[in-house]
Structures are given as C-alpha cells and as structure tokens.
Amino acid sequence: MHCLGFSLAHFKDIKGIFFDLDGTLFETAPQLALAINRMLEDLKMKTLPEEKISNFIGKGADNLIRKSIKLSSNKDANEFFVDALDSFHSHYEQIAQNSLPYEGVMETIYFLKTKGLKLACITNKPSIFTDKILSESGLSQYLDLILSGDSLVKMKPDPLPIIYSCEFFNIKSSEAIMVGDSMNDIEAGSSAGTYVVTVPYGYQSGEKIESSKVDLAINNFRDIQSIVI
C-alpha cells in the first residue's frame, strides 16, 4: 500500500473509475442503524449503538441483519430472518434517501466527468435503496453505470461486477480504478485486475484495510482529482 503522491504517473491512461457507495460515496450508517434498531424493536429485541451496527455494514443487507440480531439477542437469526428482512426493508425504504455524500464527493465526481472518464457505482446494496440515494442526491445523472447487489448473479468481493463494468465500457481492467473502503472492494478490484484506491473513512466490517493489494490510500476524497492525469 502506498500513500498519496508515491507516483502520480502510476495512474496514467485511466479511462474508468468505479466507486463503492456505503462508506465511500455516502455516509449511510445513520439511516442503516436507525432502520436496524426499528427492526429490532419490531422483533422485541434491544436496540444497539450506531457504532456497533456500523461494524456490520459493507457485506450486504443479509449480513447486517443477521449480525445485528445475533449481537442484540444472542439468538440464531434464521428463526427471525423473514420477518426481520421485511421489517428492515420497510423502515429503510422510508429513510435511505436521507443519506448524505461525504465531503468532496460531489465536486470530485463533477470534475472527473469533465475529464471524460467513465464513472460507475458498484455496491452490494439492493437496487431499491441504491437508486433512492443516488437519485435524491442528484449523483445518478453523472454516473454512466450503477450496479447494485442484485444487478448480477454475484457481488463483491467477487470480481464479476468490476469485470462486467470494464466490458460495459469496453476498457481494459488496467485502465480502471476501484475506489472503496473495505476488503470487499480491495479483493474485487485486485481480482479483476484494476488499480485499487481506498478512502480513510467508511465501513470496514471490523477488518483492517491495509493490504499489499491496495495501490493507493488517499487522505480524502478530493485527492482522486490529483491522481488522474
């Protein structure tokens, strides 16, 4: 892993940049935690602090629900999962669009668009929520492709969504960058053959994201403007 400025030429001839959503483009933890706690209340279970729930973000809604139920009640989530999933979806659908982009995201996306780069959002979040967040923010109009967790047969950390995106844009994997905040993004990008850039915030599911598979760890989202030449 390298710090910002190690070799800007390393990213020469980039044609596409792919972004994770939760913890990379948007701070979604407040809304996810609220929906989870309302779900737990529906199940007659104790609520959890937001920081605890945040540790479960990044590996899909099913994992988020199961881990939250386990921590709250120490019970097997399978017994409650159908009702829990319905409850979570119902609550989250009402508030998902309230999530806000991180500082520097909007201006950076605008900047990259003016450079003629192909831009994609690749997330494990179900499309019903992804679309709400991106549409409400206005960011969707600047993205050339949006792939959610239910768009393809596999999701991150499988490389399929990234390989699909490269084929969609007719670019080589070596001409693309995957930007994310978790090992899901790192593994997917590395396996697909793209460059991997990580942000210093976000939701790592309790895992460290320091890895030799990371080409660059930026200090803030705006730094992306400096690495594309």
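Mentor: Gladly! Let's begin with the helix names: a helix here is a DSSP run of H or I with at least four residues, and helices are numbered from the N terminus. Keep in mind that this is a predicted model.

Trainee: Why is N170 called exposed?

Mentor: Exposed means over 50% relative accessible area. N170 has 71%, so the word applies. D13 can be treated likewise: its value is 52%, so D13 is exposed too. D13 belongs to the segment before β1, and its phi, near 70°, is positive in a residue other than glycine.

Trainee: What makes K125 buried?

Mentor: The cut-off for buried is under 20%. K125 has a relative accessible area of 7%, so it counts as buried. Its place is the loop between β4 and α6. Leaving out residues up to four places away in sequence, K125 touches several residues, including D22, Y92, T130 and S148.

Trainee: How do you know that the buried residues of α7 line one face of the helix?

Mentor: First, the buried residues in α7 (residues 160-169) are P161, I162, S165, C166 and F169. Looking down the axis of α7, they fall within an arc of 140°, so they line one face. They pack against β1, β4, β5, β6 and α8.

Trainee: What makes a set of residues a nonpolar core?

Mentor: The residues must be buried, of a nonpolar kind such as Ile or Phe, and joined through side-chain atoms within 4.5 Å. The largest such core has 58 residues, and I17, F19, I69 and F88 have the most contacts inside it. Helix α1 (residues 29-42) gives seven residues, the largest share of this core. A second core, with 13 residues, is separate and includes L145, I162, C166 and A188. In soluble globular proteins, nonpolar side chains tend to be buried together.

Trainee: Which residues does I69 contact, apart from neighbours within four places in sequence?

Mentor: Among them are M39, L40, L43, F80 and A84. Heavy atoms within 4.5 Å make a contact.

Trainee: Why is a space called a cavity?

Mentor: A cavity is a space where a 1.4 Å probe fits but cannot get out. The whole structure has two cavities of 30 Å³ or more.

Trainee: What lines the largest cavity?

Mentor: There are 21 lining residues, with D22, I57, G58, G60 and K125 nearest the centre. Helices α3, α4 and α8 each give two or more residues to this lining. Sorted by class, it has eight nonpolar, six polar and seven charged residues. The second largest cavity has I122, L147, S148 and P161 among its lining residues, and that lining divides into five nonpolar, four polar and two charged.

Trainee: What joins K156 and P157?

Mentor: A cis peptide bond, with omega about 15°. Most peptide bonds are trans. P157 lies in the loop between β5 and α7.

Definitions and conventions. Residues are numbered from 1 along each chain as its sequence is written. This is a predicted model: local features need pLDDT of at least 70, side-chain atom pairs count only at pLDDT 80 or more; totals for chains, interfaces and linings use all residues. Side-chain values use heavy atoms; hydrogens and water are left out. On a 1 Å grid over the protein atoms alone, a cavity is a set of points where a 1.4 Å probe fits but cannot get out, and a pocket is an open set with protein on both sides within 12 Å along at least five of seven lines; lining residues have an atom within 4 Å of a point. Grid points are joined across faces, edges and corners, and a volume is the space filled by probe spheres set on the points. Ala, Val, Leu, Ile, Met, Phe, Trp, Tyr, Cys and Pro count as nonpolar, Asp, Glu, Lys and Arg as charged, and the others, Gly among them, as polar. Buried means under 20% relative accessible area, exposed over 50%, partly exposed in between (1.4 Å probe, protein chains only). The arc is that of the directions from the helix axis to the C-beta atoms.
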